[in-house]
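Subject: Structure for your review

Dear colleague,

Please find below the structure that I am handing over to you. My notes on what was found in it follow directly after it.

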Amino acid sequence: MPVKTRITLFFTLIVFTILTVVCSSIYYFAYENREGNFKTRLTNRAVTTARLLSQRDVFNRSLIQKIDAATSVAMVDKSIQAYDSVGSLEYVYSDKANDTIPVNPQILRNARTTQKVYFVSGEKDVVAYHYDKGNNPVTVIAAAYDPEGKKNLEQLRFVLWLCFFGGILLTIGA
């Protein structure tokens with residue numbers, strides 16, 4: 001094998017390794033950032049609902065339903081469920097009719113002990129948040145779909161693949 005070919009292959013291997021590490025890192029951190037931001041938004045929604053529900057003398061369920069309906073632009077296909085301290089369903093709101101998250105008692109127990117539990121149900125990201133301040137402890141399940149974040153990740157993945165293959169082709173061609 002000629003020296004020029006060996007040098008080209010070695011250089012291509014180095015560029016391949018560098019591009020793999022860089023592109024993978026960029027995607028990983030973008031994914032973690034999207035997930036963290038969306039979890040924060042879901043948790044904030046759960047905390048707000050829990051605070052409103054804990055103040056029963058000020059906010060009734062129909063008023064909370066109106067508030068949840070008014071915040072529809074913030075999240076897509078959101079559903080909110082609240083359970084009392086014994087696990088009975090106390091409040092339900094959903095952008096779509098009958099679009100609730102199946103919740104088993106273990107999730108409620110975990111939320112009561114750790115305050116927050118994150119999981120995925122179908123296409124939706126879900127947070128189970130336990131709010132125990134005040135006279136009415138409540139565990140709120142907030143779920144929503146993040147199409148904007150997922151679309152951004154798809155676009156980033158496409159751009160990273162283009163850069164990756166473009167860099168490899170430039171290295172081989174040079």
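In this predicted model, five strands form an open sheet in the order E2-E1-E5-E4-E3, and their pairing is antiparallel. Strand E2 (89–94) and E3 are at the edges; each has a single partner strand, so one side of each has no neighbour in the sheet. From one strand to the next, the twist averages 15 degrees.

The pairing of E3 with E4 can be followed in more detail. These two strands run antiparallel and are joined by six bridges. For Ser121, the bridge partner in E4 is Lys124.

Helix H1, which spans residues 3–54, lies across E1, E2, E3, E4 and E5. Its direction makes an angle of about 40 degrees with E4.

The other helix is H3, made up of residues 105–114. Which residues of H3 are buried? They are Ile107, Leu108 and Ala111. Because these residues cover an arc of only 100 degrees around the axis, they are on the same side of H3.

What covers the buried residues of H3? The cover includes strand E1 (76–83), strand E3 (116–121), strand E4 (124–131) and strand E5 (138–145). Just after H3 comes Gln115, which takes a positive phi of about 75 degrees.

Finally, I turn to the cysteines. How many disulfides does a search of the whole structure find? The search finds zero. Cys23 is in no disulfide, and the nearest cysteine sulfur, that of Cys163, is 6.4 Å away. A disulfide would require the two sulfur atoms to be within 2.5 Å.

Yours sincerely,

A colleague

Terms used: Residues are numbered from 1 along each chain as its sequence is written. This is a predicted model: local features need pLDDT of at least 70, side-chain atom pairs count only at pLDDT 80 or more; totals for chains, interfaces and linings use all residues. Side-chain values use heavy atoms; hydrogens and water are left out. Buried means under 20% relative accessible area, exposed over 50%, partly exposed in between (1.4 Å probe, protein chains only). Helices (H or I, at least four residues) and strands (E, at least two) are DSSP runs, numbered from the N terminus. The arc is that of the directions from the helix axis to the C-beta atoms. Contact means heavy atoms within 4.5 Å. Two strands pair if DSSP finds at least two bridges between them. Axes are lines fitted to C-alpha atoms, for helices over the stretch in contact, and angles run from 0 to 180 degrees between N-to-C directions.
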